[in-house]
Amino acid sequence: MTEVASPALVESDQITREELQLATRNHGMPLEALRYPLTPIGLHYLLIHYDIPCVDPAAFRLTVDGDVARRLSLTLDEIRHRPSRAVTVTMECAGNGRARLQPRPLSQPWLMEAVGTAEWTGVPLASVLEEAGVHDGARDVVFRGLDHGIEGGEEQDYSRSLPLPEARRDDVLLAYEINGQPLPPQHCFPIRLVVPGWYGMTNVKWLTGITVTSVPFTGYQQSRGYRFRSDPDDPGEPVTRMRPRSLMVPPGFPDFLTRHRIVPRGRHVIEGKAWSGTAPIARVDVSTDGGRSWFAARLGPPSAAPWAWRHWSLDWDASEPGEYDLCCRAVDETGEAQPDEPPWNLGGYVNNSVHRVPVTVRPS
């Protein structure tokens, strides 16, 4: 279904039937998986707009057309036999954090687990565009997926575009492997687009068509979906690159139903990951008192992959029993920090507010 802004808003904390249907089809990454440098395939978040296509690899073709000198029609074998590269990428859904907004937009009810980091292997898109011969005057590259459905009253194949300079980056991939394995169906077998640094909606799944155009792409997912809008008549600004975010591994152990965390008295390490789609992470701050005081966390070594998350940690002396509100916030090298509260928008996009984890330190 839809990660797209809708006029429907939910004032209550009660989840709707429509949201439950979406939540059973899509899943987030359990935050304890932040311990892994690479997210295991089955734990990486998934957002599937329509249905998972059933693709015959022998019949599959990826077409490249539009404002190009040579139209291409590539088989899966032809793609896989081209020079490839691997890129490690943290990918986050633009709707991550939506369910924590009030009123809540009616869509996939993400809390904050819509993220994962994987090594994607594939063919650099730039080399395919070069072979096709992009005409002077081209400005956008449109990507069309095989997933088909109705959104906003429009029947459509899921399609998004990138400005030509972004599409020509050497780390933008036509990916056919994840973590060294062929893409499984839910992760977009046989081919998907991977655009490091951009929110997940840009990484078009089950890719089947690439069209170079000299005019702006105005398809539904570009002109109506994934835009910061304050009301249905607001044209809004587009959602693009990931904002700074840090998440912590939930400490201790959970209550089954509420997921409230219980921590024994003693010394503990608070740890997690941080990332940004604009610049490397410069600092992560941690608070154990709900944000009244902050301490700088230790940052792990910078990743060799510029678009992958970075580990952080802080020692915590939890010698006093009681209730604690643990918080973390990231700052990237541009100086942008996670806000306490983000501006509300109709689609519920980019709620990258400070991560808060209530914890009970028990006497023994």
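This is a short tour of a predicted model, stop by stop, with what to select at each one.

**Stop 1: the main core**

Start with Leu125, Leu129, Phe143, Leu174, Leu193, Leu207 and Ile210. These residues have the most contacts inside the largest nonpolar core, which has 52 residues. Now select helix α3, residues 125-132. Helix α3 supplies four residues, the largest share of this core.

Centre on Phe143. Which residues does Phe143 touch, beyond those up to four places away in sequence? Among them are Leu125, Leu193, Leu207 and Ile210. Tyr158, Ser159, Arg160, Ser161 and Leu162 also touch Phe143. Val204 and Gly209 complete the list.

**Stop 2: the other core**

**Stop 3: the open sheet**

Show six strands in the order β16-β17-β24-β23-β19-β20. They form an open sheet with mixed pairing. Look at the edges: β16 (253-254) and β20 stand there, each with a single partner strand, so one side of each has no neighbour in the sheet.

Move to β19, residues 281-287. Is this strand mostly covered or mostly uncovered? Strand β19 is mostly covered, with five of its seven residues buried.

Next, bring up the partners of β19. Strand β23 (residues 322-332) pairs with β19 in the antiparallel sense, over six bridges.

**Stop 4: Pro105**

Jump to strand β5 (residues 104-105), where Pro105 lies. Is Pro105 buried or exposed? Its relative accessibility is 2%, which is under the 20% cut-off, so Pro105 counts as buried.

Draw a C-alpha to C-alpha distance from Pro105 to Val10. The two are 95 residues apart in sequence and 6.2 Å apart in space. Then display the contacts of Pro105, leaving aside neighbours within four places in sequence. They are Ala8, Leu9, Glu19, Arg98, Asn345, Leu346, Gly347 and Gly348.

**Stop 5**

Most peptide bonds are trans, and most residues other than glycine have a negative phi. The last stops show exceptions.

Select Gln102 and Pro103. The peptide bond from Gln102 to Pro103 is cis, with omega near -5 degrees. Pro103 sits in the loop between β4 (85-92) and β5.

Then select Phe189 and Pro190. A cis peptide bond joins these two as well, with omega about 10 degrees. Look for Pro190 in the loop between β10 (181-182) and β11 (192-194).

**Stop 5: two positive phi values**

Go to the loop between β11 and β12 (207-213), where Trp206 lies. Trp206 is not a glycine, yet its phi is positive, about 50 degrees. At 0% relative accessibility, Trp206 counts as buried.

Finish at Val350, in the loop between β23 and β24 (355-362). What is the phi of Val350? It is near 55 degrees, a positive value in a residue other than glycine. Val350 is buried, with a relative accessible area of 5%.

Technical notes:
Residues numbered from 1 in each chain as written. Predicted model: local features only at pLDDT ≥ 70, side-chain atom pairs only at ≥ 80, totals over all residues. Heavy atoms only, no water. Core = buried A, V, L, I, M, F, W, Y, C linked by side-chain atoms within 4.5 Å. Buried < 20%, exposed > 50% of the residue type's maximum accessible area, 1.4 Å probe, protein only. Contact = heavy atoms within 4.5 Å. Pairing = 2+ DSSP bridges.
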